[in-house]
Structure formats: structure tokens, C-alpha cells
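These are my notebook entries on a single chain, written down in the order in which I looked things up.

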Amino acid sequence: MTKENIGGLSDYIVLKKEKEVIFYLHNPYPDCLAIPEIMKERFPDDYKSIVTSDLEEFKKYRGQV
């Protein structure tokens with residue numbers, strides 16, 4: 001995984017047990033404004049979204065999948 005091929009709204013991790021979706025956004029604004037619509041379209045109502053701009057934190061979450 002390199003910094004060039006991750007990030008953006010298409011790069012997210014779903015933690016089913018926790019019912020969380022983690023998005024990695026290098027520069028969160030304004031991309032983060034699209035997250036509520038993505039959550040409505042792709043995930044059940046009881047899932048929550050988390051946005052991180054820390055690549056190392058995102059990689060830690062990826063290890064949980």
C-alpha cells in the first residue's frame with residue numbers, strides 16, 4: 001500500500017462488529033461532506049462513520065478487518 005493509491009471516498013474500512021465505517025481522507029474537507037449520502041446508500045442506519053486523516057491510524061484499522 002502506498003500513499004498514492006489510497007485515500008478518498010472510495011477507500012474505507014468496514015468494521016462489522018463495531019458497526020463503523022472508517023474513511024481515510026488526506027484532506028478531509030470538502031470530501032467529508034459526501035459521507036452522509038454514502039452512508040445512507042451503502043450501509044444500514046445503525047452504522048456510524050469515522051474520518052481519519054492519519055494514514056498510520058487508518059492502517060491500524062485495516063489490520064482489524
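Entry 1, Thr-52. I looked up the side chains of Thr-52 and Glu-57 and found them joined by a polar contact of 3.1 Å, where a polar contact is a pair of N or O atoms within 3.5 Å, within protein one able to donate a hydrogen and the other to accept it, with residues adjacent in sequence counting only if both atoms are side-chain atoms. I note that this is a predicted model, in which local features need pLDDT of at least 70 and side-chain atom pairs count only at pLDDT 80 or more, while totals for chains, interfaces and linings use all residues. Residues are numbered from 1 along each chain as its sequence is written, and side-chain values use heavy atoms, with hydrogens and water left out.

I then found a polar atom of the Thr-52 side chain 3.1 Å from the backbone nitrogen of Asp-54. Thr-52 belongs to strand S3, strands being DSSP runs of E with at least two residues and helices runs of H or I with at least four, numbered from the N terminus. I count Thr-52 as buried because its relative accessibility is 5%, the cut-offs being under 20% relative accessible area for buried, over 50% for exposed and partly exposed in between, with a 1.4 Å probe and protein chains only. Setting aside neighbours within four places in sequence, I list Ile-22, Phe-23, Tyr-24, Leu-25, Glu-57 and Phe-58 as the contacts of Thr-52, contact meaning heavy atoms within 4.5 Å.

S1 and S2 are antiparallel and paired over four bridges, with Val-14 opposite Val-21 in S2. S2 and S3 run parallel and are joined by five bridges; in S3, Ser-49 is the bridge partner of Val-21 and Ile-50 that of Ile-22.

I noted the phi of Lys-19, near 60 degrees, as a positive value in a residue other than glycine. Most residues other than glycine have a negative phi. Lys-19 counts as partly exposed because its relative accessibility is 35%.

Which residues make up the largest nonpolar core? I list eight: Val-21, Phe-23, Leu-25, Ile-35, Ile-38, Met-39, Phe-43 and Tyr-47, a nonpolar core being a set of buried Ala, Val, Leu, Ile, Met, Phe, Trp, Tyr and Cys residues joined through side-chain atoms within 4.5 Å. Strand S2 (20-24) and helix H1 (35-42) are the elements that give two or more residues to this core, and H1 gives the most, with three. A second, separate core has seven residues, including Leu-15, Tyr-24, Phe-58 and Tyr-61.

In the segment before S1 I looked up Asp-11, which is buried because its relative accessible area is 9%. The side chains of Asp-11 and Arg-62 make a polar contact of 2.8 Å.

I counted two helices and three strands, in the pattern β-β-α-β-α along the sequence. S2, H1 and S3 make a right-handed β-α-β unit; right-handed here means that, with the strands pointing away from the viewer, the path from the first strand over the helix to the second runs clockwise. Of the 65 residues, 29% count as buried. Among contacts between residues at least 6 apart in sequence, I recorded that 62% join residues at least 24 apart.

Methods
Two strands pair if DSSP finds at least two bridges between them.
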